[in-house]
Amino acid sequence: RGGGPGTRETDALDPRNVVQRVEAVVLTGGSAYGLESAAGVMAWLEEQHRGVRVGPDPAHVVPVVPAACVFDLGRGGDFRARPDAGTGRAAVEAAAASEAHAPVGTGAVGAGTGAVVGGLRGGVGTAGTVLESGITVGALVVVNAVGSAVDPETGVLYGEYFHGGPPHRPEPAVHEEARRRLAEARAASTPPPLNTTLAVVATDAALTRAQAQKFAGTAHDGIARAIRPVHLLNDGDTVFALATGERELPPEQGPLALNDVLAAGADLVTRAIVRAVRAPAEGVAGPGGTFPAYRELYGDGA
């Protein structure tokens, strides 16, 4: 929904088109250059004979690998430091070697390494839940937005207003000091005003492609609750939805059974954004700019 998306193979996901499944989704840094990392993922999948069969030989496949990128060029000081096909191959090999249900790295890792949100260090965050129906819903985000995740009046992370309980409000003196330090950091940095928040929402429910598209669209509400302003021309905000098809939606609810999945996806994206901003313990300062961490400004208990 942002005005500056950087994507690859997203047209294939349109429910009107022929592709029925994807083999992987790539979230990457490096702006449009970083989309090259999807080529490394495709090459590995081809070797596994995974993809759309297009010939008589089982090796004749074309893996469908949608990808999206965040803008972080130069944040480490070197504009030419960015993911490539080798990075993508290393990532998919590591994913394939991991155990089922293995913890996912959060904070300034992977596509979140150079992420920034409103002048603060951003990164990767995750969240998940099991609905009353037994269906699992999860979310993974890469938070890298021109907007802010922090309420400027209180220091509370916007997303915490939607967690069901009262948010912890930092002491006024702590908040004022944090605002001063953040303003100094912003004044000392001249980052390009290009960003993007990426997300994947996933479920083990059996969804049609149209339902999956609705799932992805509704999940954008989770970004809007946690980051303000959002979906600007600077941003390329993109959400992918995945469904493994292991559990049927409750048939007694008819088509409205999807509502619980939709609501959970948006809520989990909000929660994942909060966790992404909280994850880095320390900020970073270098030739690419100065970006403090939320925990560094407000403490671990904020």
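Buried means under 20% relative accessible area, exposed over 50%, and partly exposed in between. The model under study is predicted.

**Entry 1. Ala-279**

I looked up the accessibility of Ala-279 and found 23% relative accessibility, so the residue counts as partly exposed. I then located Ala-279 in the loop between helix H6 and strand E12 (284-286). Leaving aside residues up to four places away in sequence, I noted that Ala-279 touches Thr-106, Gly-107 and Arg-295. I also checked the distance to Arg-247, which is 32 residues apart from Ala-279 along the chain; the C-alpha atoms of the two are separated by 32 Å.

**Entry 2. The four-stranded sheet**

I traced an open sheet of four strands in the order E8-E9-E10-E11, and I recorded its pairing as mixed. At the edges I found strand E8 (123-130) and strand E11 (238-247); each has a single partner strand, so one side of each is left without a neighbour in the sheet. For the twist I noted an average of 10 degrees from one strand to the next.

I next went through the sheet pair by pair. E8 and E9 pair in the antiparallel sense, over eight bridges. Within this pair, Thr-126 has Leu-140 of E9 as its bridge partner, and Gly-125 stands opposite Val-141 in E9. The hairpin of E8 and E9 has five residues between the strands, and there I found Gly-134 with a positive phi near 90 degrees.

E9 and E10 also pair in the antiparallel sense, over six bridges. I followed Val-141 across to E10, where its bridge partner is Ala-199. Strand E10 (residues 198-205) and E11, by contrast, pair in the parallel sense, over seven bridges. In that pair I noted Leu-198 opposite Thr-238 in E11.

**Entry 3. Helices on the four-stranded sheet**

I looked up which helices meet this sheet. Helix H6 (residues 258-278) lies across E8, E9 and E10 and runs at about 40 degrees to E9. Helix H5 (residues 209-226) packs on the sheet and touches strand E9 (136-143), E10 and E11; the direction of H5 makes about 130 degrees with that of E11.

I then examined H5 against H6. Their axes come within 7 Å and cross at roughly 35 degrees, and the crossing is right-handed. On the H5 side I listed the residues of the contact, among them Phe-215, Thr-218, Ala-219, Gly-222 and Ile-223. On the H6 side the residues include Leu-258, Val-261, Leu-262, Gly-265 and Val-269. By class, the residues of the contact of H5 with H6 divide into ten nonpolar, five polar and four charged.

**Entry 4. The three-stranded sheet**

I found an open sheet of three strands in the order E1-E5-E2, with mixed pairing. Strand E1 (7-8) and strand E2 (26-28) stand at its edges; each has a single partner strand, so one side of each lacks a neighbour in the sheet. I looked up the pairing of E2 with strand E5 (residues 67-69) and recorded it as parallel, over three bridges. In this pair, Leu-27 stands opposite Ala-68 in E5. I also noted that H2 lies across E1, E2 and E5 and runs at about 150 degrees to E2.

**Entry 5. H2 against H3**

I compared the axes of helix H2 (residues 37-47) and helix H3 (residues 85-97), which come within 6 Å and cross at roughly 50 degrees. H2 and H3 are therefore oblique to each other. I recorded their crossing as right-handed.

Which residues of H2 and H3 make the contact? From H2 I listed Ser-37, Ala-39, Gly-40, Val-41, Ala-43, Trp-44 and Glu-47. From H3 I listed Ala-85, Gly-88, Arg-89, Val-92, Glu-93 and Ala-96.

Conventions:
Residues are numbered from 1 along each chain as its sequence is written. This is a predicted model: local features need pLDDT of at least 70, side-chain atom pairs count only at pLDDT 80 or more; totals for chains, interfaces and linings use all residues. Side-chain values use heavy atoms; hydrogens and water are left out. Axes are lines fitted to C-alpha atoms, for helices over the stretch in contact, and angles run from 0 to 180 degrees between N-to-C directions. Helices (H or I, at least four residues) and strands (E, at least two) are DSSP runs, numbered from the N terminus. Angles under 35 degrees count as roughly parallel, over 145 as roughly antiparallel, 65 to 115 as roughly perpendicular and the rest as oblique. A crossing is left-handed if the near helix is turned anticlockwise from the far one by less than a right angle, and right-handed if clockwise. Contact means heavy atoms within 4.5 Å. Two strands pair if DSSP finds at least two bridges between them. Ala, Val, Leu, Ile, Met, Phe, Trp, Tyr, Cys and Pro count as nonpolar, Asp, Glu, Lys and Arg as charged, and the others, Gly among them, as polar. Buried means under 20% relative accessible area, exposed over 50%, partly exposed in between (1.4 Å probe, protein chains only).
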